[in-house]
Amino acid sequence: MAAVAGPGETILIAANAHKAERTFALAAGLDVGIVPVQVDEAWDIEHGVAPEALRASLARYPAAKAAIVVSPTYYGVTSDIAALADICHDHGIPLIVDAAWGGAYPFCEALPGDPLTKGADAAVYSAHKTMGALAQGSIIVAKGNVLDRQRLCMAYELFETTSPSVPILASLDATRRDHALRGEQMWNDVLKLARSARERIGRIAPLRVLGRDDIPAGAEIDETKVLIDISGLGVSGYAIDDWLFAEHRISMGLSDERHILAVISLGTTRSDIRGLERGLADLVARFSADPTLLPRSPGGPSVATLSVDMAISGSEALAGPAEMVRYEDAEGHIAAEMIAPAPPGVPRLVPGQRISAAHVAWLIANRDAGAFIMDPVDPAEATIRVVNGPTK
Ligand SMILES: Cc1ncc(COP(=O)(O)O)c(C=O)c1O
């Protein structure tokens with residue numbers, strides 16, 4: 001981002017971008033144009049950016065310096081990167097892809113296509129997420145000449161730590177070598193496990209597993225991410241996640257109000273898959289025998305109802321006078337902190353955004369259901385930091 005835009009310049013960011021991108025835009029004083037993403041209301045999840053949405057955003061922000069999308073999403077669904085790259089290139093700007101979860105894609109044919117290969121100008125991969133590198137090990141790659149390479153290298157030098165960790169670098173190199181030599185085999189083995197997990201879990205009614213038929217046209221699915229809709233049980237994913245850990249020592253990759261997500265990766269064994277299947281079958285059997293096993297979910301507004309438009313610039317909201325107001329009184333105020341539940345780490349409010357009634361309902365429902373919000377200003381999660389001044 002530092003390689004493509006400076007203070008006061010506009011950058012387009014997908015509405016489901018990670019906290020990482022929104023935070024840098026704030027720190028660097030970039031103006032952000034939000035590109036809406038496709039929302040599947042039946043599943044209550046966000047997918048990628050549709051080509052027509054990017055086109056419309058470029059018409060709205062013609063001076064944008066670059067577009068940033070997340071592909072794949074935390075749920076393992078990609079955007080049509082080739083189409084998005086063509087649109088960006090027609091405007092003479094680069095497409096940057098946060099491919100945090102897609103590091104292994106270039107190494108195995110049966111995984112979705114790699115963003116860089118499909119035409120993106122730069123991509124970032126968290127090698128620690130799926131490729132087995134030590135935490136914080138990540139890789140940035142760029143190609144072509146739409147993105148100024150000299151500026152990219154300079155930005156990298158400016159922002160890189162002056163004390164790089166040798167163990168992290170060594171683990172990056174080890175996984176790079178392993179993937180180059182054996183990536184196809186390693187990930188085909190992972191996919192075999194993932195497909196068997198999908199099939200077995202899909203048979204446990206009322207659970208549903210997100211599959212190829214559920215994703216938008218032009219998107220691909222990463223089958224190693226097994227997204228399970230648990231809403232049929234009427235219990236939140238947070239409560240199920242805790243129960244699975246307490247009763248079966250199963251640690252899910254993500255839980256939220258309506259889902260749990262299993263991440264099948266290089267370290268997953270057949271016995272892990274059997275354990276997951278047994279745990280979920282046990283949950284459903286015990287829950288049908290005793291519906292008080294877990295508290296009923298209070299339910300909350302779907303992500304589709306959460307508006308993303310900015311009322312004022314993020315830097316202005318962050319640096320100006322602020323006050324704390326109770327969640328219940330926050331409607332109409334402008335947020336002066338970032339609220340990002342993790343995982344997936346997608347901010348639902350950022351400084352400068354107007355807080356709607358839906359945001360308030362969402363905040364309360366998710367707090368009460370046990371969401372983990374990253375570093376809220378008020379650790380008790382009763383109040384939120386807002387811009388000091390009258391509400392609209
Ligand atoms: C889509 C996405 N982008 C960026 C990040 C941040 O990556 P890292 O933790 O490697 O800095 C994450 C995960 O934490 C993520 O899921």
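In the predicted model, helix 6, which spans residues 166–202, packs against helix 8, which spans residues 270–289, at an angle of about 15°, and the axes of the two helices lie 10 Å apart. Because angles under 35 degrees count as roughly parallel, helix 6 is described as roughly parallel to helix 8. The crossing of these two helices is right-handed. On the side of helix 6, the residues that take part in the contact are L193, S196, A197, R200 and I201, and these meet R270, I273, L276, E277 and L280 of helix 8. Sorted by class, the contact of helix 6 with helix 8 comprises six nonpolar residues, one polar residue and three charged residues.

The largest cavity, with a volume of about 50 Å³, has a lining made up of S71, P72, T78, S79, I81, Y105, G113, P115, K118 and E220. The residues of this lining divide into four nonpolar, four polar and two charged.

The second largest cavity holds about 40 Å³ of space, and W101, A104, Y105, L111, T130, W187, D222 and T224 form its lining. In the lining of the second largest cavity, five residues are nonpolar, two are polar and one is charged.

Definitions and conventions: Residues are numbered from 1 along each chain as its sequence is written. This is a predicted model: local features need pLDDT of at least 70, side-chain atom pairs count only at pLDDT 80 or more; totals for chains, interfaces and linings use all residues. Side-chain values use heavy atoms; hydrogens and water are left out. Axes are lines fitted to C-alpha atoms, for helices over the stretch in contact, and angles run from 0 to 180 degrees between N-to-C directions. Helices (H or I, at least four residues) and strands (E, at least two) are DSSP runs, numbered from the N terminus. Angles under 35 degrees count as roughly parallel, over 145 as roughly antiparallel, 65 to 115 as roughly perpendicular and the rest as oblique. A crossing is left-handed if the near helix is turned anticlockwise from the far one by less than a right angle, and right-handed if clockwise. Contact means heavy atoms within 4.5 Å. Ala, Val, Leu, Ile, Met, Phe, Trp, Tyr, Cys and Pro count as nonpolar, Asp, Glu, Lys and Arg as charged, and the others, Gly among them, as polar. On a 1 Å grid over the protein atoms alone, a cavity is a set of points where a 1.4 Å probe fits but cannot get out, and a pocket is an open set with protein on both sides within 12 Å along at least five of seven lines; lining residues have an atom within 4 Å of a point. Grid points are joined across faces, edges and corners, and a volume is the space filled by probe spheres set on the points.
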